[in-house]
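Here is a short report on ring pairs and helix packing. Keep the sequence and the 3D view open while you read.

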Amino acid sequence: MNKTTNEVSVWCIISLASIPLVMTLGNSMLIPVLPILEDKVGITSFQSSMIITSYSVAAIFLIPIAGYLSDRFGRKMVIVPSLILALIGGLVAGFASWKMDSPFTVIIIGRILQGIGAAGAMPIVLPLVGDLYQDDEEKTSSSLGIIETSNTFGKVLSPILGSVFAAFLWFLPFFSISALSLLSLVLIFFCVKVPREKDEPVKFKEFLRSTKKVFKAEGRWLYTVFLNGVLVMLILFSMLFFLSENLEKVHDIKGIKKGFVLAIPLLLLCIASFASGKWIKGSLKTMKRLIIACLILMSVSVVFVGFVSKKLILLLIVTSLVGIAIGAMLPALDAMITHNIDKSLRGTVSSFYSSARFIGVAAGPPVMSLIMKNMLNAGYITAGILGAILLFVVWKFVRTDEEEEPAAEAKA
């Protein structure tokens, strides 16, 4: 038994951690390449933003379905075909870029296939970790920490790897996504041994009934968490899209050098995420305080991004502060769902939360492409105002144990 546990903790978790790493690279790695792609394919910045958005839109609608299918047919039965789809999507986009004169439409088709693959692979990792360590909360939390670190580390690597690959061939990042998906597929197929389910699979009607029940009972704070997920991803990906364009057109920083510059705020995001996950330790009170503090820092910092866009050092300081705020907030948002939703419904709720985050990812680049020419400062000020509004919503609707008791006494 100990041998099995050791194999799970070393081989299975490393294999599972490869999925968020690959899927994050699959989207974020293309951000520094978009200006090059615009020139090579002959498209506008709005059209190039669709290359990010098409991936995310596909995932938004399919993640909850993938969550249900994984409950019904098994985690691995959903993850393996999903990774194959991600692999095929990269090949489609890569060959279109390489061989076609007008490849934009086919690139979008390839990206949609990748998004479907991401929907069926990335969100299923979290409940699968719970399956592997059914009665060991400590190891579950530790493994989830590794998964989250892998996700954020992918964001750090993505601009560097994207720029390095594009320096050889501008369409190489598409093919590299397929290669990385293949690596993850091999690891999952051979290294992950999923325990057999003892319970009967959840029927679709029961799935809908349970989902409706949990949202009716916990809706206020759940919707608050979802809205935070949407906003932070919207701000992060719109800011990264803007940075990629700004570094080339304003500061004349291109290629691999641009990748390293883009990685600065993302590295701080990763460090903040790791530190936050270690600090919160399952305390709802700590989570709420951290989210409020992060919303304050993010809302104040993001307002200044447009104003300092022509001053590189100040721009990196401000975007790094935004990155730190977002990085520290994400583990707290994740943990709120993990620690406050019953295990039997955690996968379902987590899938809806993942979809909410992908809404922000999908909306960020096209929104920024539309506003950055004439309404840049207004857009970032609006983001700051939305953050301030969410600050009030968190304070009002996320209730800690200490806040629940006086409210219950008052009703009595």
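Does Phe175 count as buried or exposed? At 17% relative accessibility, Phe175 counts as buried. Buried means under 20% relative accessible area, exposed means over 50%, and partly exposed lies in between (1.4 Å probe, protein chains only).

The model is predicted: local features need pLDDT of at least 70, side-chain atom pairs count only at pLDDT 80 or more, and totals for chains, interfaces and linings use all residues. Residues are numbered from 1 along each chain as its sequence is written, and side-chain values use heavy atoms, with hydrogens and water left out.

**Aromatic rings**

A pair of aromatic rings is described by the distance of the centres and the angle of the planes. Rings of Phe, Tyr and Trp (its six-membered ring) pair if their centres lie within 6.5 Å. Planes under 30 degrees apart count as stacked, over 60 as edge-to-face and the rest as tilted. The structure holds 14 aromatic pairs. Two of them involve Phe175.

| Pair | Centre to centre | Angle of planes | Type |
|---|---|---|---|
| Phe95 and Phe175 | 5.1 Å | 90° | edge-to-face |
| Phe171 and Phe175 | 6.1 Å | 75° | edge-to-face |

Phe95 lies in helix H4 (residues 75–99) and Phe175 in helix H8 (residues 172–191), so their pair ties together parts that are 80 residues apart in sequence. Helices here are DSSP runs (H or I, at least four residues), numbered from the N terminus. Phe95 is partly exposed, at 41% relative accessibility. Phe171, by contrast, is buried. Ring pairs link Phe95, Trp98, Trp170, Phe171 and Phe175 into a cluster.

**Charges over rings**

A charge sits over a ring if NZ of Lys or CZ of Arg is within 6 Å of the ring centre and within 35 degrees of the ring normal. Lys76 lies over the face of Phe189, at 5.7 Å.

**A buried threonine**

Thr24 is found in helix H1 (residues 2–28). Thr24 is buried, with a relative accessible area of 6%. Contact means heavy atoms within 4.5 Å. Leaving aside neighbours within four places in sequence, Thr24 has contacts including Met122, Asn151 and Lys155.

Conventions. Helix = DSSP H or I, 4+ residues; strand = E, 2+ residues; numbered from the N terminus.
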